[in-house]
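Hello,

Here is the structure for you to look over. My notes follow below it.

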Amino acid sequence: MLKPMHNYFSHAPITRMDISQRGMLAVGYGRKVQVWQDALRSKAQAPYLTHHLPEGVLSTFRFVPYEDVLGIGHSAGISTILVPGECWRRRRAQGVLGGSGRNETRAGVAAARLQWTRAMAPECA
């Protein structure tokens, strides 16, 4: 039988969720987005980052592959927020940044950004 790993409380029903490549969990509802660090491995006491949308209502959001950015789509347009430390340390540790194979890595990053753009704003891709 499956059991929950951790329980978290929210003031309103969560309408959107995304998990980054590093395991950060982004949750959102209404005009609020929270990013939880290591929330899937251990019980986190507080969000790593909280962002309140200045205008509009949350529609969707996704972590940008290979970047420290969370793209947020809302009724007033598109916003981005920095999530410090999200990918760079891991990518450098894997040898993806710098060293041999640099051109292939840049092509992979460009393809991932295009895929993210298509997912966030299909009319712009």
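**Largest pocket**

Two strands each give at least two residues to the lining of the largest pocket: strand E2 (25-29) and strand E3 (32-36). Please keep in mind that this is a predicted model. The lining of this pocket counts 13 residues. Tyr8, Met17, Leu25, Val27 and Ala39 are the ones nearest the pocket centre. By class, 10 of the lining residues are nonpolar and three are polar. No charged residue is part of the lining. The volume of the largest pocket comes to about 260 Å³.

**Tyr8 and aromatic rings**

Lys43 lies over the face of the Tyr8 ring, at 3.9 Å from the ring centre. As for ring-ring pairs, the structure has one aromatic pair.

**His51**

Next, a residue in strand E4. This strand covers residues 49-52 and includes His51. Leaving out residues up to four places away in sequence, His51 touches Arg31, Lys32, Val33, Ile72 and Ile81. Gly28 is 23 residues from His51 along the chain, and their C-alpha atoms are 9.4 Å apart.

**Ser79**

Last, a residue in strand E7. Ser79 belongs to this strand, which runs over residues 77-82. Which side chain makes a polar contact with the side chain of Ser79? The partner is His74, at 2.7 Å. His74 is also one of the residues that Ser79 touches, again not counting residues up to four places away in sequence.

Best wishes

Key
Residues numbered from 1 in each chain as written. Predicted model: local features only at pLDDT ≥ 70, side-chain atom pairs only at ≥ 80, totals over all residues. Heavy atoms only, no water. Phe/Tyr/Trp six-rings, centres within 6.5 Å; stacked < 30°, edge-to-face > 60°. Lys NZ or Arg CZ within 6 Å of the ring centre and 35° of its normal. Helix = DSSP H or I, 4+ residues; strand = E, 2+ residues; numbered from the N terminus. Contact = heavy atoms within 4.5 Å. Polar contact = N/O pair within 3.5 Å; in protein donor to acceptor, adjacent residues only side chain to side chain. 1 Å grid on protein atoms, 1.4 Å probe; cavity = no way out; pocket = protein on both sides within 12 Å on 5 of 7 lines; lining within 4 Å. Points joined across faces, edges and corners; volume = space filled by probe spheres on them. Nonpolar A, V, L, I, M, F, W, Y, C, P; charged D, E, K, R; others polar.
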